[in-house]
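Good morning, and thank you for coming.

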Amino acid sequence: MPHLLALLVALPLVFAISGFVFTKHARLIGLLGAFAWATVVVLTFSAWPNLPVYTFSDEAAALGIAYSVDAKALLMLGLSALIICIVTIYSFGKKDTNVYFYPLLCLLCTGLGVVFVSDDIFNLYVGLELISLTAVIMTALQGSREALRAALSYLFAALFGSGLYLLGVVLLYTNYGVLDLTLLQQRVTAEAPMQLAFVFFASGLGLKSALFVFGYWLPKAHGSAAPAVSALLSALVVKAGFFVLYLLYSKLFVTMNTTALILWLFGIGAIIYGGYMAFKAKKLKHVAAYSSLSQMGYLFLIFAFSSQNANAALWLQVSAHALAKAGLFLALGSAIVFTGRNAVSSIKGLSATLPMAAFAIALSAVTLIGLPPSLGFSAKWYYLHAALEQNNWLIIAAVLGGSVLAWAYMFKLLILTLQTPKSSPITKQPARLRLMQYCALGLSLLSVIGGIFTAKITAFLGVFHG
Amino acid sequence: MSVIYVITASALLTLGAAGFLRTKDIFKRLIHFNLFTSGIFLLFIALTYTGAPDAAAVALVLTGLVVSLGATALGLMLLRTLQSRGG
């Protein structure tokens with residue numbers, strides 16, 4: 001399969017376009033598209049690491065776009081394919097899912113494919129744009145005034161972010177005359193224009209990946225979007241922005257300490273602020289949204305380190321948060337469908353009415369707090385290890401503080417689910433609701449038992465623990 | 001590289017960004033966003049111009065224009081739907 005990497009991008013695009021054309025069959029096309037994409041991801045996985053760099057033309061690398069995958073990209077692709085497939089099944093259970101959700105889902109696959117395999121900074125821009133615009137439309141699908149306002153606010157944040165990213169691209173291209181990451185890596189030096197370029201990239205991608213104060217749009221967008229959309233937004237869309245930022249940093253800007261320092265200080269700010277706001281939130285989806293802000297903060301701690309431990313921590317945290325948060329949103333979504341309300345108090349007695357959803361919330365809590373044996377525990381363990389190596393007490397305090405806050409906001413939910421319900425439990429749930437809960441439970445469960453395979457994951461990523 | 005173009009581009013870019021950050025009006029923000037990106041594109045072409053336009057830069061700006069056109073159209077559609085719902 002020599003064209004595997006091109007298929008990762010092209011195949012879901014075909015499904016997306018046919019979904020928009022044949023809206024009557026959009027559901028079926030979306031389902032097929034999601035699973036076809038997952039199949040290509042699995043094939044890529046089995047062909048790796050003997051997969052050559054894919055080029056679209058024989059032109060010099062300065063013009064021809066190159067596609068390649070490494071272990072990190074494969075991890076992201078695998079997580080994306082898994083979560084997208086489960087979210088598709090989940091949205092089949094929800095009666096009022098908009099038909100346009102399915103082609104947009106395929107479009108999201110295309111965007112994610114572009115971002116994870118591209119070796120070209122301009123092609124990365126196009127991929128990021130595709131993901132952002134798709135996510136904006138998904139947010140607006142609800143059609144309420146609140147949703148449209150949130151979508152516009154998200155659109156402006158994303159657009160300004162991509163403008164800043166583009167300025168960074170302009171600076172790199174005018175100084176080095178190439179866009180290919182590998183070629184750039186050989187040519188960059190720590191000159192003043194490069195410092196400025198990194199500031200542009202960092203603020204632009206910070207906006208897209210909801211870093212601390214740059215994430216002002218995230219709770220609004222989550223509060224009004226459908227739960228399936230929120231799950232995708234939190235688990236995958238914001239991580240795509242972070243993935244690009246980390247890719248650029250590790251290849252081009254490792255020496256830029258000042259901006260990196262600001263990034264990880266912002267990360268600490270996000271951990272504490274997000275956790276506090278999640279505790280104070282009155283709406284269910286806002287709890288999960290602010291918790292995302294907090295958990296995304298952990299990712300930005302990587303800019304304080306260059307050790308293998310921190311590297312392991314980063315990718316474990318990415319996996320832990322993607323799975324646990326998608327599971328949490330889907331579980332809260334089925335509770336909201338059941339009660340018809342979005343207030344935190346509405347999940348009172350959920351363990352009696354929707355036991356599987358309550359169990360999924362509890363499992364997500366285990367990961368988000370970082371209790372063993374979850375992936376979240378492994379991630380925080382490696383973060384603490386890395387911080388101890390450098391005697392960075394600020395980060396140790398932030399990691400532990402974030403856990404305490406996660407404990408507070410997740411236990412607030414859990415205690416409510418265990419209280420006596422207001423209404424008597426219904427004996428037989430509709431099949432749709434059960435399907436939705438199974439999806440949530442599957443993702444949350446994976447985030448917990450994934451921790452058992454920590455050693456396998458770190459070995460796959462090529463990082464060794466010390 | 002012609003200085004006048006670089007200055008114009010920088011002015012457009014700054015005006016667009018400043019306006020974008022200052023105003024709350026959705027329609028004005030869309031216009032400011034277009035000024036901002038036009039500034040970036042002009043800057044890109046002006047900085048890479050060496051007697052003749054740089055082919056790769058022109059191709060990239062063209063792609064960027066299409067993206068910003070799509071984004072503007074999406075913003076306008078969202079705004080129109082919002083207004084038709086009385087918000």
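What percentage of the 87 residues of chain B count as buried? The figure is 39%, where buried means under 20% relative accessible area, exposed over 50% and partly exposed in between, with a 1.4 Å probe and protein chains only.

A word on conventions. This is a predicted model, in which local features need pLDDT of at least 70 and side-chain atom pairs count only at pLDDT 80 or more, while totals for chains, interfaces and linings use all residues. Residues are numbered from 1 along each chain as its sequence is written, chains are lettered from A and ligands numbered from 1 in the order in which they are written, and side-chain values use heavy atoms, with hydrogens and water left out.

Let me stay with chain B. It has three helices and zero strands; helices (H or I, at least four residues) and strands (E, at least two) are DSSP runs, numbered from the N terminus. The radius of gyration of chain B, taken over C-alpha atoms, is 15 Å, well over the 12 Å that the globule rule gives for 87 residues, so chain B is more spread out than a compact globule. That rule is 2.2 Å times the number of residues to the power 0.38. The C-alpha trace of chain B spans about 55 × 25 × 10 Å along its principal axes. Its accessible surface comes to about 4800 Å², 71% of which belongs to carbon and sulfur atoms; the areas come from the Shrake-Rupley method with a 1.4 Å probe, and for residues only the protein chains shown count as cover.

I turn to chain A, with 19 helices and two strands. Here the radius of gyration is 21 Å, close to the 23 Å given by the globule rule for 466 residues, so chain A is as compact as a globular protein of that length. Its C-alpha trace spans about 70 × 55 × 40 Å along the principal axes. Buried residues make up 63% of chain A, and its accessible surface is about 16400 Å², with 69% belonging to carbon and sulfur atoms.

Next, helix packing. Within chain A, helix α1 (residues 4–21) and helix α2 (residues 26–47) pack at an angle of about 180°, their axes 9 Å apart. Axes are lines fitted to C-alpha atoms, for helices over the stretch in contact, and angles run from 0 to 180 degrees between N-to-C directions. The pair is therefore roughly antiparallel; the classes are under 35 degrees for roughly parallel, over 145 for roughly antiparallel, 65 to 115 for roughly perpendicular, and oblique for the rest.

Contact means heavy atoms within 4.5 Å, and the residues making it include A:F156 and A:F160 on α6(A), and B:F33 and B:F36 on α2(B). They divide into 18 nonpolar, three polar and one charged. In this scheme Ala, Val, Leu, Ile, Met, Phe, Trp, Tyr, Cys and Pro count as nonpolar, Asp, Glu, Lys and Arg as charged, and the others, Gly among them, as polar.

Finally, one residue. A:S378 lies in helix α16 (residues 375–389) of chain A and is buried, at 7% relative accessible area. Leaving aside neighbours within four places in sequence, A:S378 is in contact with A:L316, A:G451 and A:T454.
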